[in-house]
Amino acid sequence: MSQQNIALPGTRGEGLSFPSPGPEAPAAEAVVAPARPVASASRALEILKWVFSFPAMLGTFLVGAAFYAGRVFTVDPDMWWHITTGQTILATHHWPTVDPYSFTVHGQPWIAFEWLGEVLIGAVARIGGVRGLDALVIVLGGAVMIALYVFATIRAGNSKAGFLAAAVLFALANPSFSMRPQMLGYLFLVLTLIALELFRQGKRWPIWFLPPLFLLWVNTHGSFIVGLGVMLVYLVCGLKGFRLGAIEAKQWSAKERIRLESVFLLCLAVLPITPYGTRLAVYPFDMALSQPINVAHILEWQPMPFNLPGGKIFLAVVLGFFVVQMIFDLKWRLAELVLFLSGVVMACLHVRFILLFVPFCAPLLAVVFARWLPRYDRKIDKYILNAALMAGAIAAMVFYFPSKTFLDKKVAKEFPVNAVEYLRQHPVAGPMFNDYGFGGYLLWSGRKVFIDGRGDVYERGGVLSDYLHITMLEPGALTVLRNYGIQSCLLDRNAPLATVLAALPDWQRVYADDTAVVFVRRQMPATKVAAGAV
(Lines give C-alpha, C1' and ligand atoms only; values in the text may rest on other atoms or scores of the structure.)
Protein backbone atom coordinates (compact mmCIF):
# COMPACT_ATOMS: atom_id res chain seq x y z
CA MET A 1 0.00 0.00 0.00
CA SER A 2 1.14 3.49 -0.59
CA GLN A 3 0.38 7.07 -0.01
CA GLN A 4 -0.66 10.52 -1.21
CA ASN A 5 -2.76 12.14 -3.79
CA ILE A 6 -5.36 10.33 -5.85
CA ALA A 7 -4.46 9.54 -9.42
CA LEU A 8 -7.51 11.16 -10.95
CA PRO A 9 -7.62 13.35 -14.04
CA GLY A 10 -7.80 16.99 -13.09
CA THR A 11 -6.21 16.81 -9.62
CA ARG A 12 -3.16 18.88 -8.85
CA GLY A 13 0.03 16.91 -9.18
CA GLU A 14 -1.61 13.52 -9.54
CA GLY A 15 -3.17 13.07 -12.92
CA LEU A 16 -3.23 9.85 -14.88
CA SER A 17 -0.13 10.14 -17.03
CA PHE A 18 0.89 8.23 -20.12
CA PRO A 19 4.35 7.83 -21.63
CA SER A 20 5.35 10.54 -24.04
CA PRO A 21 5.37 9.27 -27.62
CA GLY A 22 8.75 10.96 -28.16
CA PRO A 23 10.01 12.41 -31.44
CA GLU A 24 8.72 11.02 -34.67
CA ALA A 25 10.70 8.20 -36.22
CA PRO A 26 12.44 8.86 -39.53
CA ALA A 27 10.44 7.96 -42.59
CA ALA A 28 12.78 5.12 -43.47
CA GLU A 29 12.05 3.45 -40.13
CA ALA A 30 8.26 3.72 -40.40
CA VAL A 31 8.00 0.08 -41.45
CA VAL A 32 9.37 -1.11 -38.10
CA ALA A 33 6.04 -2.30 -36.67
CA PRO A 34 6.10 -3.18 -32.95
CA ALA A 35 5.79 0.48 -31.80
CA ARG A 36 1.97 0.51 -31.67
CA PRO A 37 1.55 -2.77 -29.75
CA VAL A 38 4.22 -1.65 -27.28
CA ALA A 39 2.46 1.71 -26.81
CA SER A 40 -0.89 -0.05 -26.36
CA ALA A 41 0.59 -2.42 -23.80
CA SER A 42 2.15 0.49 -21.94
CA ARG A 43 -1.15 2.35 -21.92
CA ALA A 44 -3.00 -0.75 -20.65
CA LEU A 45 -0.42 -1.14 -17.89
CA GLU A 46 -0.89 2.47 -16.83
CA ILE A 47 -4.66 1.97 -16.67
CA LEU A 48 -4.21 -1.16 -14.55
CA LYS A 49 -1.92 0.75 -12.22
CA TRP A 50 -4.57 3.44 -11.86
CA VAL A 51 -7.33 0.88 -11.21
CA PHE A 52 -5.29 -0.84 -8.50
CA SER A 53 -3.63 2.25 -7.05
CA PHE A 54 -3.67 3.20 -3.40
CA PRO A 55 -6.23 5.99 -3.93
CA ALA A 56 -8.51 3.57 -5.78
CA MET A 57 -8.20 1.13 -2.89
CA LEU A 58 -9.27 3.88 -0.48
CA GLY A 59 -12.32 4.47 -2.67
CA THR A 60 -13.14 0.76 -2.47
CA PHE A 61 -13.11 0.99 1.32
CA LEU A 62 -15.61 3.86 1.20
CA VAL A 63 -17.89 1.73 -0.97
CA GLY A 64 -17.42 -1.05 1.57
CA ALA A 65 -18.55 1.30 4.33
CA ALA A 66 -21.65 2.19 2.31
CA PHE A 67 -22.29 -1.54 1.83
CA TYR A 68 -21.88 -2.31 5.54
CA ALA A 69 -24.39 0.39 6.45
CA GLY A 70 -26.76 -0.33 3.58
CA ARG A 71 -27.01 -4.08 4.03
CA VAL A 72 -29.25 -3.60 7.09
CA PHE A 73 -31.72 -1.90 4.71
CA THR A 74 -33.13 1.01 6.67
CA VAL A 75 -36.49 1.45 4.93
CA ASP A 76 -37.99 4.91 4.78
CA PRO A 77 -41.82 4.81 4.97
CA ASP A 78 -41.99 6.92 1.79
CA MET A 79 -40.22 4.23 -0.25
CA TRP A 80 -43.46 2.32 -0.78
CA TRP A 81 -45.43 5.12 -2.38
CA HIS A 82 -42.41 6.06 -4.48
CA ILE A 83 -42.35 2.47 -5.79
CA THR A 84 -46.09 2.54 -6.49
CA THR A 85 -45.94 5.87 -8.30
CA GLY A 86 -43.02 4.75 -10.45
CA GLN A 87 -44.64 1.45 -11.36
CA THR A 88 -47.93 3.21 -12.18
CA ILE A 89 -46.12 5.55 -14.58
CA LEU A 90 -44.32 2.60 -16.18
CA ALA A 91 -47.59 0.67 -16.58
CA THR A 92 -49.80 3.52 -17.83
CA HIS A 93 -47.26 5.86 -19.50
CA HIS A 94 -49.21 8.61 -17.76
CA TRP A 95 -47.97 11.11 -15.22
CA PRO A 96 -50.53 11.61 -12.42
CA THR A 97 -52.17 15.00 -12.00
CA VAL A 98 -54.62 14.08 -9.22
CA ASP A 99 -54.38 11.86 -6.17
CA PRO A 100 -55.37 8.25 -6.99
CA TYR A 101 -54.32 6.56 -3.74
CA SER A 102 -56.33 7.93 -0.79
CA PHE A 103 -59.98 8.20 0.16
CA THR A 104 -59.47 11.52 1.98
CA VAL A 105 -58.06 13.67 -0.85
CA HIS A 106 -58.93 11.41 -3.78
CA GLY A 107 -59.09 13.38 -7.03
CA GLN A 108 -57.44 16.50 -5.66
CA PRO A 109 -54.53 18.03 -7.66
CA TRP A 110 -51.24 16.24 -7.11
CA ILE A 111 -48.16 15.77 -9.28
CA ALA A 112 -45.33 13.25 -9.07
CA PHE A 113 -42.61 15.89 -8.70
CA GLU A 114 -39.92 13.18 -8.29
CA TRP A 115 -41.23 11.02 -11.12
CA LEU A 116 -37.92 10.10 -12.77
CA GLY A 117 -36.41 8.84 -9.52
CA GLU A 118 -39.66 7.00 -8.79
CA VAL A 119 -39.55 5.30 -12.18
CA LEU A 120 -36.04 4.05 -11.41
CA ILE A 121 -37.08 2.80 -7.96
CA GLY A 122 -40.25 1.21 -9.34
CA ALA A 123 -38.35 -0.56 -12.11
CA VAL A 124 -35.74 -1.92 -9.69
CA ALA A 125 -38.46 -3.13 -7.32
CA ARG A 126 -40.25 -4.89 -10.18
CA ILE A 127 -37.08 -6.60 -11.42
CA GLY A 128 -35.16 -7.29 -8.22
CA GLY A 129 -37.69 -7.04 -5.41
CA VAL A 130 -36.47 -6.14 -1.97
CA ARG A 131 -32.93 -7.33 -2.71
CA GLY A 132 -32.79 -5.15 -5.79
CA LEU A 133 -33.89 -2.14 -3.74
CA ASP A 134 -31.22 -2.81 -1.12
CA ALA A 135 -28.62 -3.14 -3.88
CA LEU A 136 -29.74 0.20 -5.32
CA VAL A 137 -29.38 1.89 -1.92
CA ILE A 138 -25.86 0.48 -1.61
CA VAL A 139 -24.89 1.50 -5.15
CA LEU A 140 -26.18 5.05 -4.71
CA GLY A 141 -24.62 5.35 -1.26
CA GLY A 142 -21.31 4.12 -2.63
CA ALA A 143 -21.52 6.52 -5.58
CA VAL A 144 -22.17 9.45 -3.24
CA MET A 145 -19.18 8.53 -1.05
CA ILE A 146 -16.89 8.18 -4.06
CA ALA A 147 -18.09 11.55 -5.38
CA LEU A 148 -17.42 13.17 -1.99
CA TYR A 149 -13.98 11.57 -1.93
CA VAL A 150 -13.15 12.84 -5.42
CA PHE A 151 -14.45 16.33 -4.64
CA ALA A 152 -12.44 16.62 -1.42
CA THR A 153 -9.34 15.21 -3.13
CA ILE A 154 -9.54 17.64 -6.03
CA ARG A 155 -9.84 20.57 -3.65
CA ALA A 156 -7.05 19.51 -1.28
CA GLY A 157 -4.75 17.93 -3.86
CA ASN A 158 -4.30 15.02 -1.47
CA SER A 159 -6.15 11.71 -1.74
CA LYS A 160 -5.45 10.71 1.85
CA ALA A 161 -6.95 13.95 3.10
CA GLY A 162 -9.91 13.51 0.75
CA PHE A 163 -10.49 9.98 2.00
CA LEU A 164 -10.28 10.98 5.66
CA ALA A 165 -12.70 13.88 5.14
CA ALA A 166 -15.20 11.62 3.39
CA ALA A 167 -14.81 8.94 6.08
CA VAL A 168 -15.45 11.41 8.92
CA LEU A 169 -18.50 12.89 7.19
CA PHE A 170 -19.89 9.44 6.35
CA ALA A 171 -21.19 9.25 9.92
CA LEU A 172 -23.35 12.32 9.21
CA ALA A 173 -24.45 11.37 5.69
CA ASN A 174 -25.24 7.69 6.26
CA PRO A 175 -28.46 8.11 8.30
CA SER A 176 -30.00 9.85 5.27
CA PHE A 177 -29.05 7.05 2.85
CA SER A 178 -32.44 5.47 2.17
CA MET A 179 -34.40 4.40 -0.89
CA ARG A 180 -35.81 7.76 -1.93
CA PRO A 181 -35.20 9.99 -4.98
CA GLN A 182 -33.30 12.39 -2.74
CA MET A 183 -30.34 10.01 -3.01
CA LEU A 184 -30.07 10.88 -6.70
CA GLY A 185 -30.43 14.58 -5.91
CA TYR A 186 -27.62 14.30 -3.37
CA LEU A 187 -25.35 12.63 -5.94
CA PHE A 188 -26.17 15.31 -8.52
CA LEU A 189 -25.27 18.03 -6.00
CA VAL A 190 -21.80 16.57 -5.37
CA LEU A 191 -21.23 16.14 -9.11
CA THR A 192 -22.12 19.81 -9.57
CA LEU A 193 -19.59 20.79 -6.93
CA ILE A 194 -16.93 18.67 -8.63
CA ALA A 195 -17.57 20.35 -11.99
CA LEU A 196 -17.41 23.84 -10.45
CA GLU A 197 -14.21 23.06 -8.52
CA LEU A 198 -12.55 21.75 -11.68
CA PHE A 199 -13.67 24.91 -13.46
CA ARG A 200 -12.15 27.03 -10.68
CA GLN A 201 -8.89 25.12 -11.18
CA GLY A 202 -8.86 25.87 -14.90
CA LYS A 203 -10.63 22.81 -16.38
CA ARG A 204 -13.26 24.23 -18.71
CA TRP A 205 -15.09 21.21 -20.15
CA PRO A 206 -16.73 19.67 -17.02
CA ILE A 207 -19.24 22.50 -16.52
CA TRP A 208 -20.82 21.79 -19.91
CA PHE A 209 -22.18 18.58 -18.40
CA LEU A 210 -24.25 20.63 -15.96
CA PRO A 211 -27.21 21.54 -18.25
CA PRO A 212 -28.02 17.87 -19.05
CA LEU A 213 -27.44 17.04 -15.39
CA PHE A 214 -29.98 19.68 -14.36
CA LEU A 215 -32.43 18.29 -16.92
CA LEU A 216 -32.27 14.96 -15.09
CA TRP A 217 -32.21 16.67 -11.71
CA VAL A 218 -35.37 18.78 -12.09
CA ASN A 219 -37.29 15.62 -13.02
CA THR A 220 -35.80 13.66 -10.13
CA HIS A 221 -35.78 15.77 -6.98
CA GLY A 222 -36.46 19.31 -5.82
CA SER A 223 -32.91 19.76 -4.55
CA PHE A 224 -31.98 21.06 -8.02
CA ILE A 225 -32.72 24.50 -6.55
CA VAL A 226 -29.71 24.03 -4.26
CA GLY A 227 -27.55 23.24 -7.28
CA LEU A 228 -28.62 26.50 -8.90
CA GLY A 229 -27.82 28.32 -5.66
CA VAL A 230 -24.34 26.77 -5.57
CA MET A 231 -23.66 27.89 -9.14
CA LEU A 232 -24.83 31.39 -8.29
CA VAL A 233 -22.53 31.52 -5.25
CA TYR A 234 -19.53 30.50 -7.36
CA LEU A 235 -20.42 33.09 -10.00
CA VAL A 236 -21.05 36.02 -7.65
CA CYS A 237 -18.05 35.31 -5.42
CA GLY A 238 -15.77 35.63 -8.44
CA LEU A 239 -17.07 38.94 -9.75
CA LYS A 240 -14.47 40.90 -7.79
CA GLY A 241 -11.13 39.82 -6.42
CA PHE A 242 -10.03 40.75 -2.91
CA ARG A 243 -8.43 39.46 0.28
CA LEU A 244 -9.87 40.20 3.72
CA GLY A 245 -8.21 38.43 6.63
CA ALA A 246 -8.58 34.68 6.06
CA ILE A 247 -10.98 35.17 3.15
CA GLU A 248 -9.90 35.60 -0.43
CA ALA A 249 -11.79 35.86 -3.70
CA LYS A 250 -10.23 35.38 -7.10
CA GLN A 251 -11.87 37.35 -9.87
CA TRP A 252 -13.12 35.47 -12.91
CA SER A 253 -11.57 36.41 -16.21
CA ALA A 254 -14.00 37.80 -18.78
CA LYS A 255 -14.04 34.48 -20.66
CA GLU A 256 -14.55 32.46 -17.46
CA ARG A 257 -17.40 34.67 -16.32
CA ILE A 258 -19.17 34.53 -19.69
CA ARG A 259 -18.75 30.75 -19.84
CA LEU A 260 -20.10 30.27 -16.33
CA GLU A 261 -23.01 32.64 -16.96
CA SER A 262 -23.84 30.81 -20.18
CA VAL A 263 -23.90 27.44 -18.43
CA PHE A 264 -26.06 28.89 -15.65
CA LEU A 265 -28.57 30.23 -18.17
CA LEU A 266 -28.64 26.89 -19.97
CA CYS A 267 -29.36 25.15 -16.66
CA LEU A 268 -32.26 27.53 -16.13
CA ALA A 269 -33.47 26.95 -19.69
CA VAL A 270 -33.84 23.17 -19.24
CA LEU A 271 -35.96 23.43 -16.08
CA PRO A 272 -39.34 23.61 -17.92
CA ILE A 273 -38.54 20.40 -19.85
CA THR A 274 -40.69 18.13 -17.70
CA PRO A 275 -44.02 16.30 -18.10
CA TYR A 276 -45.54 19.06 -15.97
CA GLY A 277 -43.89 22.05 -17.62
CA THR A 278 -42.66 24.65 -15.14
CA ARG A 279 -44.57 23.17 -12.19
CA LEU A 280 -41.62 21.03 -11.11
CA ALA A 281 -39.33 24.06 -11.21
CA VAL A 282 -41.49 25.98 -8.72
CA TYR A 283 -42.24 23.05 -6.40
CA PRO A 284 -39.35 23.82 -3.98
CA PHE A 285 -40.89 27.25 -3.38
CA ASP A 286 -44.26 25.61 -2.74
CA MET A 287 -42.63 23.39 -0.13
CA ALA A 288 -40.91 26.32 1.56
CA LEU A 289 -43.83 28.78 1.49
CA SER A 290 -47.09 26.82 1.31
CA GLN A 291 -46.60 23.79 3.57
CA PRO A 292 -46.06 25.15 7.10
CA ILE A 293 -47.74 22.18 8.86
CA ASN A 294 -45.63 19.67 6.95
CA VAL A 295 -42.42 21.55 7.73
CA ALA A 296 -43.36 22.10 11.39
CA HIS A 297 -44.32 18.52 12.28
CA ILE A 298 -42.49 16.05 10.04
CA LEU A 299 -39.38 14.70 11.80
CA GLU A 300 -36.84 15.41 9.07
CA TRP A 301 -37.86 19.08 9.06
CA GLN A 302 -37.13 19.47 12.77
CA PRO A 303 -34.04 21.35 14.08
CA MET A 304 -30.75 19.51 14.56
CA PRO A 305 -31.09 17.19 17.61
CA PHE A 306 -27.86 17.95 19.47
CA ASN A 307 -28.77 15.39 22.13
CA LEU A 308 -28.37 12.52 19.65
CA PRO A 309 -25.06 11.08 18.34
CA GLY A 310 -25.48 12.63 14.88
CA GLY A 311 -26.06 16.08 16.35
CA LYS A 312 -23.00 15.74 18.58
CA ILE A 313 -20.81 14.70 15.64
CA PHE A 314 -22.11 17.66 13.64
CA LEU A 315 -21.34 20.04 16.52
CA ALA A 316 -17.86 18.55 16.98
CA VAL A 317 -17.04 19.03 13.28
CA VAL A 318 -18.24 22.63 13.24
CA LEU A 319 -16.50 23.62 16.47
CA GLY A 320 -13.37 21.73 15.45
CA PHE A 321 -13.22 23.70 12.22
CA PHE A 322 -13.30 27.02 14.04
CA VAL A 323 -10.69 25.89 16.58
CA VAL A 324 -8.33 24.83 13.78
CA GLN A 325 -8.95 28.12 12.04
CA MET A 326 -7.96 30.07 15.14
CA ILE A 327 -4.78 28.01 15.60
CA PHE A 328 -3.51 27.91 12.02
CA ASP A 329 -5.10 30.99 10.42
CA LEU A 330 -5.97 29.12 7.20
CA LYS A 331 -6.96 30.96 4.01
CA TRP A 332 -10.33 30.16 2.44
CA ARG A 333 -12.05 31.01 -0.79
CA LEU A 334 -15.10 33.18 -0.35
CA ALA A 335 -17.40 30.76 -2.25
CA GLU A 336 -16.52 27.68 -0.19
CA LEU A 337 -16.78 29.60 3.07
CA VAL A 338 -20.22 30.94 2.11
CA LEU A 339 -21.38 27.42 1.26
CA PHE A 340 -19.95 25.99 4.49
CA LEU A 341 -21.67 28.59 6.68
CA SER A 342 -24.90 28.17 4.72
CA GLY A 343 -24.72 24.42 5.29
CA VAL A 344 -24.22 24.94 9.03
CA VAL A 345 -27.22 27.27 9.28
CA MET A 346 -29.53 25.07 7.18
CA ALA A 347 -28.58 21.89 9.07
CA CYS A 348 -29.25 23.60 12.40
CA LEU A 349 -32.68 24.73 11.21
CA HIS A 350 -33.74 21.45 9.57
CA VAL A 351 -31.96 18.16 10.22
CA ARG A 352 -32.63 16.91 6.68
CA PHE A 353 -30.21 19.57 5.41
CA ILE A 354 -27.30 17.68 6.94
CA LEU A 355 -27.13 16.34 3.38
CA LEU A 356 -26.10 19.84 2.29
CA PHE A 357 -23.67 20.44 5.12
CA VAL A 358 -21.68 17.29 4.31
CA PRO A 359 -20.54 18.19 0.75
CA PHE A 360 -20.12 21.87 1.70
CA CYS A 361 -17.85 20.85 4.58
CA ALA A 362 -15.87 18.11 2.80
CA PRO A 363 -13.38 20.32 0.88
CA LEU A 364 -12.58 22.44 3.94
CA LEU A 365 -12.06 19.37 6.09
CA ALA A 366 -9.78 17.85 3.44
CA VAL A 367 -7.66 21.02 3.25
CA VAL A 368 -7.20 20.89 7.03
CA PHE A 369 -6.21 17.20 6.97
CA ALA A 370 -3.81 17.83 4.09
CA ARG A 371 -1.60 19.86 6.45
CA TRP A 372 -0.57 16.65 8.24
CA LEU A 373 -0.95 13.88 5.64
CA PRO A 374 1.79 13.25 3.05
CA ARG A 375 0.81 13.05 -0.59
CA TYR A 376 0.44 9.90 -2.62
CA ASP A 377 3.69 8.72 -4.22
CA ARG A 378 3.21 6.36 -7.15
CA LYS A 379 6.82 5.22 -6.90
CA ILE A 380 6.22 3.33 -3.66
CA ASP A 381 2.73 2.05 -4.45
CA LYS A 382 2.13 -1.66 -3.87
CA TYR A 383 -0.29 -2.48 -6.68
CA ILE A 384 -0.53 -6.21 -6.01
CA LEU A 385 -1.32 -5.67 -2.34
CA ASN A 386 -3.87 -3.02 -3.28
CA ALA A 387 -5.50 -5.41 -5.75
CA ALA A 388 -5.65 -8.17 -3.13
CA LEU A 389 -7.30 -5.89 -0.57
CA MET A 390 -9.77 -4.58 -3.15
CA ALA A 391 -10.62 -8.12 -4.27
CA GLY A 392 -11.14 -9.13 -0.65
CA ALA A 393 -13.47 -6.19 -0.03
CA ILE A 394 -15.51 -6.95 -3.14
CA ALA A 395 -15.69 -10.67 -2.30
CA ALA A 396 -16.90 -9.82 1.21
CA MET A 397 -19.63 -7.58 -0.19
CA VAL A 398 -20.81 -10.34 -2.51
CA PHE A 399 -20.68 -13.01 0.20
CA TYR A 400 -22.43 -10.94 2.87
CA PHE A 401 -25.10 -9.43 0.66
CA PRO A 402 -28.33 -9.96 2.64
CA SER A 403 -30.76 -12.68 1.67
CA LYS A 404 -34.38 -12.09 0.75
CA THR A 405 -35.46 -13.80 3.97
CA PHE A 406 -33.38 -11.43 6.08
CA LEU A 407 -34.72 -8.36 4.26
CA ASP A 408 -38.31 -9.56 4.45
CA LYS A 409 -37.98 -9.99 8.21
CA LYS A 410 -36.48 -6.51 8.47
CA VAL A 411 -39.44 -5.04 6.59
CA ALA A 412 -41.93 -7.00 8.70
CA LYS A 413 -40.46 -5.52 11.90
CA GLU A 414 -41.08 -1.96 10.74
CA PHE A 415 -44.23 -2.19 8.64
CA PRO A 416 -47.62 -3.88 9.04
CA VAL A 417 -46.83 -6.83 6.78
CA ASN A 418 -48.69 -9.39 8.88
CA ALA A 419 -51.54 -7.01 9.69
CA VAL A 420 -52.14 -6.37 5.98
CA GLU A 421 -52.16 -10.12 5.37
CA TYR A 422 -54.74 -10.45 8.14
CA LEU A 423 -56.87 -7.77 6.47
CA ARG A 424 -56.72 -9.70 3.20
CA GLN A 425 -58.03 -12.81 4.89
CA HIS A 426 -60.45 -11.07 7.26
CA PRO A 427 -61.85 -7.97 5.54
CA VAL A 428 -62.91 -5.25 7.96
CA ALA A 429 -65.26 -2.38 7.38
CA GLY A 430 -63.92 0.88 6.02
CA PRO A 431 -63.00 3.61 5.73
CA MET A 432 -59.83 2.82 7.69
CA PHE A 433 -57.71 5.31 9.60
CA ASN A 434 -54.00 4.49 9.42
CA ASP A 435 -50.76 5.55 11.05
CA TYR A 436 -48.73 8.04 8.96
CA GLY A 437 -45.73 5.73 8.84
CA PHE A 438 -47.89 2.82 7.60
CA GLY A 439 -49.59 4.79 4.82
CA GLY A 440 -46.97 4.16 2.16
CA TYR A 441 -46.96 0.41 2.77
CA LEU A 442 -50.76 0.26 2.73
CA LEU A 443 -50.81 2.24 -0.51
CA TRP A 444 -48.24 -0.13 -2.03
CA SER A 445 -50.35 -3.13 -0.95
CA GLY A 446 -53.29 -1.76 -2.95
CA ARG A 447 -55.47 -0.28 -0.19
CA LYS A 448 -56.93 3.22 -0.09
CA VAL A 449 -55.30 5.19 2.70
CA PHE A 450 -56.27 7.94 5.10
CA ILE A 451 -52.78 9.48 4.84
CA ASP A 452 -49.27 8.65 3.67
CA GLY A 453 -45.96 10.46 3.23
CA ARG A 454 -47.15 12.83 0.49
CA GLY A 455 -47.54 15.68 2.92
CA ASP A 456 -48.15 18.32 0.24
CA VAL A 457 -51.48 16.99 -1.02
CA TYR A 458 -52.73 16.17 2.50
CA GLU A 459 -51.85 19.61 3.84
CA ARG A 460 -53.65 21.34 0.98
CA GLY A 461 -56.68 19.11 1.57
CA GLY A 462 -56.76 19.79 5.32
CA VAL A 463 -56.18 16.13 6.16
CA LEU A 464 -52.70 16.55 7.64
CA SER A 465 -53.95 18.98 10.29
CA ASP A 466 -56.85 16.63 11.12
CA TYR A 467 -54.46 13.69 11.35
CA LEU A 468 -52.28 15.57 13.82
CA HIS A 469 -55.40 16.59 15.79
CA ILE A 470 -56.39 12.93 16.10
CA THR A 471 -53.01 11.37 16.82
CA MET A 472 -52.00 14.05 19.32
CA LEU A 473 -55.31 13.41 21.13
CA GLU A 474 -56.27 17.04 21.16
CA PRO A 475 -59.76 17.94 22.45
CA GLY A 476 -62.40 16.61 20.05
CA ALA A 477 -59.98 14.10 18.47
CA LEU A 478 -62.55 11.28 18.43
CA THR A 479 -65.15 13.62 16.94
CA VAL A 480 -62.79 14.42 14.08
CA LEU A 481 -62.25 10.68 13.61
CA ARG A 482 -66.02 10.14 13.53
CA ASN A 483 -66.50 12.96 11.00
CA TYR A 484 -64.48 10.98 8.48
CA GLY A 485 -66.78 8.00 9.01
CA ILE A 486 -63.88 5.85 10.23
CA GLN A 487 -64.95 2.28 10.99
CA SER A 488 -61.53 0.68 11.51
CA CYS A 489 -57.98 1.72 12.41
CA LEU A 490 -54.54 0.32 11.62
CA LEU A 491 -52.09 1.80 14.11
CA ASP A 492 -48.59 1.42 15.42
CA ARG A 493 -48.79 -0.86 18.43
CA ASN A 494 -47.33 1.83 20.71
CA ALA A 495 -49.37 4.73 19.36
CA PRO A 496 -51.22 6.74 22.06
CA LEU A 497 -54.42 6.45 20.02
CA ALA A 498 -54.15 2.65 20.22
CA THR A 499 -54.12 2.86 24.02
CA VAL A 500 -57.19 5.10 23.99
CA LEU A 501 -59.18 2.92 21.57
CA ALA A 502 -58.37 -0.19 23.61
CA ALA A 503 -60.06 1.45 26.61
CA LEU A 504 -63.21 2.57 24.77
CA PRO A 505 -66.28 0.30 24.79
CA ASP A 506 -67.26 1.05 21.18
CA TRP A 507 -63.92 -0.12 19.75
CA GLN A 508 -62.66 -3.71 19.55
CA ARG A 509 -59.11 -4.83 18.92
CA VAL A 510 -59.22 -7.65 16.38
CA TYR A 511 -55.55 -8.04 15.57
CA ALA A 512 -52.22 -7.25 17.23
CA ASP A 513 -48.59 -8.17 16.74
CA ASP A 514 -45.28 -6.59 17.72
CA THR A 515 -45.65 -3.94 15.01
CA ALA A 516 -49.30 -3.03 14.46
CA VAL A 517 -52.81 -3.32 15.86
CA VAL A 518 -56.19 -3.29 14.13
CA PHE A 519 -59.35 -1.90 15.72
CA VAL A 520 -62.95 -1.97 14.47
CA ARG A 521 -66.09 -0.27 15.76
CA ARG A 522 -68.20 -2.68 17.79
CA GLN A 523 -71.48 -1.50 16.26
CA MET A 524 -70.36 -2.89 12.92
CA PRO A 525 -70.98 -6.58 12.09
CA ALA A 526 -68.85 -8.71 14.35
CA THR A 527 -65.46 -9.56 12.93
CA LYS A 528 -63.93 -12.81 13.93
CA VAL A 529 -60.87 -12.23 16.10
CA ALA A 530 -57.72 -13.84 14.75
CA ALA A 531 -56.90 -16.89 16.83
CA GLY A 532 -53.94 -16.08 19.05
CA ALA A 533 -53.51 -12.68 17.44
CA VAL A 534 -54.92 -10.58 20.28
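**Entry 1: helix 4**

I began with helix 4 and found that it bends by about 130° at Gly128. I note here that the model is predicted. I then compared the span of helix 4, residues 115–156, with that of a straight helix. A straight helix of 42 residues would span 62 Å at 1.5 Å a residue, whereas helix 4 spans only 37 Å between its end C-alpha atoms.

I next looked up how much of helix 4 is covered. Of its 42 residues, 30 are buried, so helix 4 is largely enclosed by the rest of the structure. Past the end of helix 4 I found Gly157, which has a positive phi near 70°.

**Entry 2: helix 3**

I turned to helix 3, residues 79–92, to examine its length. Its 14 residues reach 20 Å from the first C-alpha to the last, close to the 20 Å expected at 1.5 Å a residue.

Which residues of helix 3 are buried? I listed Met79, Trp80, Trp81, His82, Ile83, Thr84, Thr85, Gly86 and Ile89. I then looked for what covers these buried residues, and the cover includes helix 4, helix 16 (404–414) and helix 18 (436–444). Helix 3 is followed by His93, and I recorded a positive phi near 55° for His93.

**Entry 3: helix 8 and its partners**

I examined helix 8, residues 224–236, against helix 9, residues 254–270. Their axes come within 11 Å and cross at roughly 165°. Helix 8 and helix 9 are therefore roughly antiparallel to each other. I recorded the passage of helix 8 by helix 9 as a left-handed crossing. On the side of helix 8, the contact is made by Leu228, Met231, Leu232, Tyr234 and Leu235. Helix 9 contributes Arg257, Leu260, Glu261, Val263, Phe264, Cys267 and Leu268 to this contact.

I then took helix 8 with helix 13, residues 334–349. Here the axes come within 8 Å and cross at roughly 145°. The crossing of helix 8 past helix 13 is right-handed. Val230, Val233 and Tyr234 of helix 8 meet Ala335, Val338 and Leu339 of helix 13. I noted that Tyr234 of helix 8 takes part in the contact with helix 9 and in the contact with helix 13.

**Entry 4: Pro303**

Where does Pro303 lie? I located Pro303 in the loop between helix 11 (292–297) and helix 12 (309–328). Pro303 is partly exposed, with a relative accessible area of 47%.

I also looked up what Pro303 touches, leaving aside its neighbours within four places in sequence. Its contacts are Cys348, Leu349, His350 and Val351. Pro303 and Val351 are 48 residues apart in sequence, yet 5.4 Å apart in space, C-alpha to C-alpha.

Notes: Residues numbered from 1 in each chain as written. Predicted model: local features only at pLDDT ≥ 70, side-chain atom pairs only at ≥ 80, totals over all residues. Heavy atoms only, no water. Helix = DSSP H or I, 4+ residues; strand = E, 2+ residues; numbered from the N terminus. Expected span 1.5 Å × (residues − 1). Bend = angle between axes of the 7 residues up to and from the residue. Buried < 20%, exposed > 50% of the residue type's maximum accessible area, 1.4 Å probe, protein only. Axes fitted to C-alpha atoms, helices over the stretch in contact; angles between N-to-C directions. Parallel < 35°, antiparallel > 145°, perpendicular 65-115°, else oblique. Left-handed = near helix turned anticlockwise from the far one by under 90°. Contact = heavy atoms within 4.5 Å.
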